[in-house]
Amino acid sequence: MGSPWKGFVEFTLPASPPTAFVSADLSSTSPVGLSLSPYGRSMSFDPGMLHNNGHTAYANGTGPGIRETGVVEKLLTSYGFIQCSERQARLFFHCSQYNGNLQELKIGDDVEFEVSSDRRTGKPIAVKLLKIKPEVLPEERISGQVGPDLHAYPFTVLHGYIHPVVSAIPVHLDGKSAPGQVPTGSVCYERNGEVFYLTYTPDDVEGNIHLDTGDKVSFYMETNKHTGAVSARNIQLVKKKQMRCQGVVCATKEAFGFIERADVVKEIFFHYSEFKGDLEALQAGDDVEFTIKDRNGKEVATDVRLLPQGTVIFEDISIEQFEGTVVKVIPKVPTKNQNDPLPGRISARIGFTDKELPFGEKDTKSKVTLLEGDHIQFNISTDRRDKLERATNIDILPDTFNFTKETREMGVIAAIRDGFGFIKCVDRDARMFFHFSEVLEESQLHISDEVEFTVVPVGPLYKLLTKDMLSAQRNHAVRIKKLPKGTVSFHTQSEQRFVGVVEKEVVATPNKNASPTKNKEKEAEEGVIAYEDCGVKLTVPYHTKDLEGGGHPQVGDKVEFSINEVKRTGQQSAVSIRVLNRNASNAKRLHGFVATLKDNFGFIETANHDQEIFFHYSEMCGELENLELGDTVEYTLSKGKGNKVSAEKVTKVAAVNGIGEDVGTTVMMGKVIRPLRSVDPSQTEYQGLIEVTEEGGTKGQNYPFGIMGMANKADCLQKGELVKFQVCTVAQTGQKMACNVVPQRRAMVECVKDQFGFITYEVGESKKLFFHVKEVQDGLELQTGDEVEFSVVLNQRTGKCSACNVRRVSEGPKPVVTPRPDRLVNRLKSITLDDASAPRLVIVRQPRGPDNSKGFNVERKTRQPGVID
């Protein structure tokens, strides 16, 4: 035991029990080795003796000697040698210096002597030898515990009393050591209020067991004859130290909970009073450590403390993935006698052997229903506690449907709700319920997506939870797989084309404002085509959506079509209908272009671009949402009340040339002297008028224009605006008109407010033109004063104009920060804190800190330069 000595120290070792390595001063950091002889004697030591190898300061041994102890190492007829016990020295002695019967002195005997100097050589020798009788150690077994090794301080002071530090032989040195080293540990025991420490080696432990720090042991004491050191031998383990266990909270109740242990497959009870921490934060799944105690014959967890998440690991999961087949699925409703937490089974060939691995509900990657025969992929999990292997991370492979005997059906997603939806089936009338958890490959489903699925009956548990008995009897779709577009088909279409005559026209689709009842009645009405097949006269219904080329057939028109049959019902209808010949007795069909769209009506520009025809949305055949300004339509003229002409049976058709093909290459500059009637409804003429303004032979000449002459059909040209345009010739009338009209607008940005702004431009009664920042090209941030070019768009529904396609031409002047007036600067410089007339800061409301306390917690002081608080 290391011990520093600062002065003369005198101590006595009692006869029983022998003392062992007591430190005189623990505050020093430079210990000096000291070993005491286990004999009941009082000695005085000069510290200087420990550093001069035992040489006396008195020549020829004339001065007083110091008594030392040693062991007879070599003995001849007239002399011998002694090995010193207190230091590394070997001293010569003459037999005449032995006080006693020389015949009784033997090698290995303990002797006491004085150190003197040889008068002839000056070397130290032993004189006045006296044989000492060794004290017999008691052969009683002493109880203690495994303590620190010799390289650590022997005590730790806790709560004011001496408490042994618990440590043992390091595991990596137990039973082996580096050359020249012997691994050692220490045991400690208490006697008469004092704690003593003894060293031990692995050979001193009985039973070849490993002792842990803090284990309770019993042992005998033994003294080394050469060094006099006392050590422990024949060490027996009495009781292992109570170790801290780890686990995971698996259940929490009102006042107690259960922990799944990490060392054995077992749960252990704990009361909330044993939890050391914030009980509100404790929840199932938390990692904890605890001590096991026996109470009323049952093990309970005490001193429960939280551990960092992820500390406790129950199992090791293989990196390698395996393939296998499901041979037993987990029942949807557990039986009364089912106690197996892993009821599922998977058969797989691992290595060269066939294995059957269990699995539970939590071992599948998704909640998709597993069926017997499924081809799956999985990892193997090995429990660290009992080495049980199971399959986990189970995932269904794409080719599994080749192995199972299930019947797959197809359909289209018809409706989606929160967590579930319905499928329109190809082979069933009723829509099929499905849950999102049954979707394979974690793909996101949307309405109209085509899917493949398996139909299974609703489980007993679902029936118990369903109040509606009718819905409880339904099937539901599982194992849903998304299919590419065009895979699912509800109909079969004939390759043969048939020719027939329209017997009944399709009733026009009503407008959106019509009542739902009328809507259903009119949608139920459909057109009828009569045709012959193999000499048999037949009829087939048709719908507007099945027309091709945009032509709307009328009664007596000759048409060509294919026959479509619904797979589920076998119902037939005509599709891909194309008009071959019009009936001469029918009203003439005209072409035009959509010029204006209002809330429930619009206007059509005629083919000659000189008039506009009113039409109501109820006369529109087809989807109204797809109708835009400039679209080509086909219609029939009719007269209503007051002999007013309007268009009926309006049908959108393929686009045709809006203006004559003869378009001049010269680009002219002009000014709008009359806008379109859609911009100014007060005027009688439909056409707008542009006057040429550039110098040349045509200056002052006027050219009309219509909606089809606008480069941007939505642009709202105002009277007086400058434009660029070309001249074209209308094929039907030979009239020259302006086409490709592009406005030349420039104005200043008046202001910008967050996501919108205003341009200084007069449109109608308003002198400001609204624009949204999304309409600014290149994503630039406009500033007040910037010059911009833009188009004006008229909202046909509201009648309000706004700017679009805004492009910055030049930047406005940058705002200049005006300096403070000199009089204000001079006034501020002249104000001092002592000036009573100077403006003061008046506290209206005391500030509050983060804790809602008033004022500042720390008093504010004037800081001195260079001084850190």
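# Briefing: Strands, Barrel and Nonpolar Cores

The protein chain contains four helices and 55 strands. The model described here is predicted. Of the 869 residues in the protein chain, 37% are buried. The points below take the chain as a whole, then a barrel, then the nonpolar cores and the strands around one of them.

**The chain as a whole**

- The protein chain exposes about 52,800 Å², and 51% of this area is supplied by carbon and sulfur atoms.
- Among contacts in the protein chain with a separation of 6 or more, 58% are between residues 24 or more positions apart.

- Five strands form a closed barrel in the order 5-6-7-9-8, and their pairing is mixed.
- Strand 6 (residues 79–84) and strand 7 (residues 90–94) run antiparallel and are joined by five bridges.
- Glutamine 83 has arginine 90, in strand 7, as its bridge partner.

**The largest nonpolar core**

- The largest nonpolar core has 19 residues, of which Ile690, Phe725 and Val741 touch the most other members.
- At least two residues of this core come from each of strand 39 (590–597), strand 46 (668–674), strand 47 (688–692), strand 48 (702–705), strand 49 (722–729) and strand 50 (736–743).
- Strand 49 makes the greatest contribution to this core, with three residues.
- Beyond its neighbours within four places in sequence, phenylalanine 725 is in contact with Thr666, Val667, Met668, Met669, Gly670, Ile690, Val692, Tyr703, Ala738, Cys739, Asn740 and Val741.

**A second core**

- A separate core of 17 residues is also present, and its members include Ile350, Leu370, Ala391 and Leu440.

**Strand 47 and its partners**

- Strand 46 runs antiparallel to strand 47, and four bridges join the two.
- Leucine 689, in strand 47, stands opposite arginine 674.
- Strand 48 also runs antiparallel to strand 47, and four bridges connect this pair.
- Isoleucine 690 has tyrosine 703, in strand 48, as its bridge partner.
- Ile690 is also among the residues that touch the most other members of the largest core, and both Ile690 and Tyr703 are in contact with phenylalanine 725.

Definitions and conventions
Residues are numbered from 1 along each chain as its sequence is written. This is a predicted model: local features need pLDDT of at least 70, side-chain atom pairs count only at pLDDT 80 or more; totals for chains, interfaces and linings use all residues. Side-chain values use heavy atoms; hydrogens and water are left out. Two strands pair if DSSP finds at least two bridges between them. A nonpolar core is a set of buried Ala, Val, Leu, Ile, Met, Phe, Trp, Tyr and Cys residues joined through side-chain atoms within 4.5 Å. Buried means under 20% relative accessible area, exposed over 50%, partly exposed in between (1.4 Å probe, protein chains only). Contact means heavy atoms within 4.5 Å. Accessible areas come from the Shrake-Rupley method with a 1.4 Å probe; for residues, only the protein chains shown count as cover.
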